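Thanks for making time this morning. I would like to walk you through one structure, so please have a look at it before I go on.

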Amino acid sequence: MSDKKMTQVEFTGKASEYFGIWIVNLLLTILTFGIYSAWAKVRRKKYFHNNTLIDNAGFDYHAKPVSILKGRIIAFLFFLGYSYGGQISPFVTVFFVVLFFVALPWLVVRSSIFNARNTSHRGLRFDFVGKIKEAARVFILLPILSVLSLWLAVPYAAQQKNKFLMSNHKFGLSQFDMKATVGSFYKVYWILFIPVIIAIIGIVAAVAIPAYSDYTKRAGQHSAISVPYGVGFVSVEPNESVVLAANDVEEEVYRVERVYSDNATVDEAVAEGGMAAETPVVEQVYSDNTAVDEAIAENEMADEMPAVEQDKTLEQLMKEEVDERGNASEKSIENMLKNPSAFLAGIAGMLIYILFIFGFAGYIKARIGNLVWNNTTLDDLSFNSSLRARDYIWIYFTNTIAIVLTFGLATPWAQVRLARYRASKLQIVGDVDFDKFVGEKKDAVKATGEE
């Protein structure tokens with residue numbers, strides 16, 4: 001391929017130019033309660049199409065805003081039915097979910113046809129000839145197979161999806177042909193499986209280990225409350241833990257031991273300990289002359305406490321617990337501020353997590369993009385894509401930081417930057433004589449599927 005002519009794809013859009021289009025689109029969309037969004041979409045796509053050049057000739061976008069608006073109204077009504085149908089009956093929500101998945105193949109095909117037939121280069125239109133039956137296999141059956149196979153079929157599903165979308169596109173009468181094999185997709189995805197598995201294990205461990213530690217701590221906790229009286233005291237401590245498997249509620253059964261003065265007999269102590277274990281305990285300081293019957297009677301009276309007082313006590317305890325958690329949270333924030341290294345470590349951890357997400361997306365975008373384009377032909381033309389994962393990661397990361405710091409105003413700059421990078425890494429191999437391509441008249445397609 002090295003001796004063939006290489007034609008570079010270019011993107012000539014500028015962030016300053018597109019910012020004017022973007023900000024007007026945003027303001028008018030807000031002022032018209034979303035109605036102008038259809039016109040905004042046409043303006044945006046037309047700008048990016050016109051500024052994407054092959055041999056100094058740009059693409060064009062021909063969709064009508066009114067057609068897009070009709071599609072969006074239908075999509076909006078469907079969304080309202082899904083969102084508020086559950087208030088009538090849960091079966092209504094289920095109906096809309098099932099309807100969406102049943103209609104998904106049709107939506108994918110109609111959307112692809114709409115976008116293709118409204119895109120042209122040098123006056124020649126694109127087209128899409130995929131069938132709904134094949135779309136159902138690719139977008140419904142294969143995802144289900146991926147889940148049932150514990151994600152082992154994901155590379156195969158990805159290969160079939162990209163082949164369906166690429167190989168069913170046409171430029172005039174000439175059809176694209178993607179020849180990337182299933183094995184090549186597995187090579188891309190297998191590299192991801194190892195770090196993903198490690199990340200999943202790490203996340204599970206980070207959640208499970210502290211939870212298990214807290215569980216064992218609570219299960220094996222022993223406490224003692226001692227109240228002196230006279231020459232003796234009452235000791236209340238956990239006797240055993242009964243875990244109810246149905247709802248993981250831990251119930252502590254208490255044993256009450258009473259330590260007597262020298263005048264108390266061993267039999268009395270044993271008798272009182274056995275009775276106390278079978279009855280709820282209310283902390284009460286007794287004198288040496290308090291009888292066992294009086295203690296039991298007082299405990300029974302405590303059981304007959306009015307429900308209002310018990311509820312009030314529970315409410316007070318809950319309030320105290322919330323206050324304690326709030327104080328603990330405030331103390332943790334104060335400690336974090338007093339310890340800058342801990343604060344910086346938290347920020348570093350968050351950045352590492354973000355980079356991991358961007359790394360996953362950047363790797364897939366670059367490797368799959370190269371795999372698809374480098375194995376696609378259009379008659380005697382082929383393509384050369386040289387996207388790099390590290391470039392994608394850097395662009396995604398810096399774009400996100402810029403958008404956050406500017407409260408969204410850097411969005412046009414981020415979009416133009418990404419479009420320029422993608423174009424700069426794609427070349428057409430062969431003689432780009434577009435006069436040899438011929439087309440045919442195609443009927444207009446409604447935008448319902450696209451929206």
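How many residues does helix α12 have, and how far does it reach from its first C-alpha to its last? Before I answer, please keep in mind that this is a predicted model, in which local features need pLDDT of at least 70, side-chain atom pairs count only at pLDDT 80 or more, and totals for chains, interfaces and linings use all residues. Residues are numbered from 1 along each chain as its sequence is written, and side-chain values use heavy atoms, with hydrogens and water left out.

Helix α12, residues 389–405, has 17 residues and reaches 24 Å, close to the 24 Å expected at 1.5 Å a residue, where the expected span is 1.5 Å times one less than the number of residues. Helices here are DSSP runs of H or I with at least four residues, and strands are runs of E with at least two, numbered from the N terminus; the protein chain comes to 13 helices and 13 strands.

Within α12, the buried residues (under 20% relative accessible area, with a 1.4 Å probe and protein chains only) include D391, Y392, I395 and Y396. Just after this helix, F407 takes a positive phi of about 55 degrees.

Turning to the cores, meaning buried Ala, Val, Leu, Ile, Met, Phe, Trp, Tyr and Cys residues joined through side-chain atoms within 4.5 Å, the largest has 48 residues, and F164, F171 and F185 have the most contacts inside it. A second, separate core of nine residues includes L387, Y396, F397 and Y421.

Methods
Buried means under 20% relative accessible area, exposed over 50%, partly exposed in between (1.4 Å probe, protein chains only).
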